[in-house]
Amino acid sequence: MTPQELVQRDASRDLGAELLESVRQMKAGHAAKTHHIDAPLALTARMKSGLSQSDFAKLFGVSLRTLKGWEQGHKNPGRAARTLIAIAERHPDVLRDLAVHP
């Protein structure tokens, strides 16, 4: 559309009413699209633990760069690390306890 056509179209719109209708539709569960992103397990485990990336990496004995690679899905943890991450994800309190009492 040309700038003039956009101005003409928007002159007759009631943006407030359109926004309210959108909110009503969202509250009713009528979202146009929903997206589900599966976050890497290392990221969900760290988030549940409440630890910083630096503290989490120290507890696992890996570099911050390695942890970031795991969290971004660029790298995959080894088998032992995957097992520890799965435990940490299910029991984040254990990691918090280890961070306080190493």
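Modeller: Let us start with how covered a residue is: it is called buried if its relative accessible area is under 20%, exposed if that area is over 50%, and partly exposed in between, using a 1.4 Å probe and counting protein chains only. This is a predicted model, in which local features need pLDDT of at least 70 and side-chain atom pairs count only at pLDDT 80 or more, whereas totals for chains, interfaces and linings use all residues. Residues are numbered from 1 along each chain as its sequence is written, and side-chain values use heavy atoms, with hydrogens and water left out.

Biologist: Is Asp 10 buried, exposed or partly exposed?

Modeller: Asp 10 has a relative accessible area of 36% and is therefore partly exposed. Arg 9, at 38% relative accessibility, is partly exposed, and Arg 13 also counts as partly exposed, at 35%.

Biologist: How should I read a salt bridge, and how many salt bridges does the count come to?

Modeller: A salt bridge is a side-chain nitrogen of Lys or Arg within 4 Å of a carboxyl oxygen of Asp or Glu. By this rule the model has 6 salt bridges. Asp 10 takes part in one with Arg 9, where the closest N and O atoms are 2.8 Å apart, and in another with Arg 13, where the N to O distance is 3.4 Å.

Biologist: Which residues are linked in a network of salt bridges?

Modeller: The network joins Arg 9, Asp 10, Arg 13 and Glu 18, so when you look at Asp 10, which is partly exposed, follow its links to Arg 9 and to Arg 13.

Biologist: With which residue does Glu 71 form a salt bridge?

Modeller: The partner of Glu 71 is Arg 46, and their closest N and O atoms are 2.4 Å apart. This pair links distant parts of the chain, 25 residues apart, since Glu 71 sits in helix H5 (residues 64–72) and Arg 46 in helix H3 (residues 41–49). Helices here are DSSP runs of H or I with at least four residues, numbered from the N terminus. Both Glu 71 and Arg 46 are buried.

Biologist: How are aromatic rings read, and how many aromatic pairs does the count come to?

Modeller: Rings of Phe, Tyr and Trp (its six-membered ring) pair if their centres lie within 6.5 Å, and planes under 30 degrees apart count as stacked, over 60 as edge-to-face and the rest as tilted. The count comes to 1 aromatic pair. The rings of Phe 56 and Phe 60 have centres 4.6 Å apart and planes at 25°, so this pair is stacked.

Biologist: Where do Phe 56 and Phe 60 lie?

Modeller: Both are in helix H4 (residues 53–60), where their spacing of 4 residues is about one turn of the helix. Phe 56 is buried, with a relative accessible area of 0%, and Phe 60, at 17% relative accessibility, counts as buried too.

Key
Helix = DSSP H or I, 4+ residues; strand = E, 2+ residues; numbered from the N terminus.
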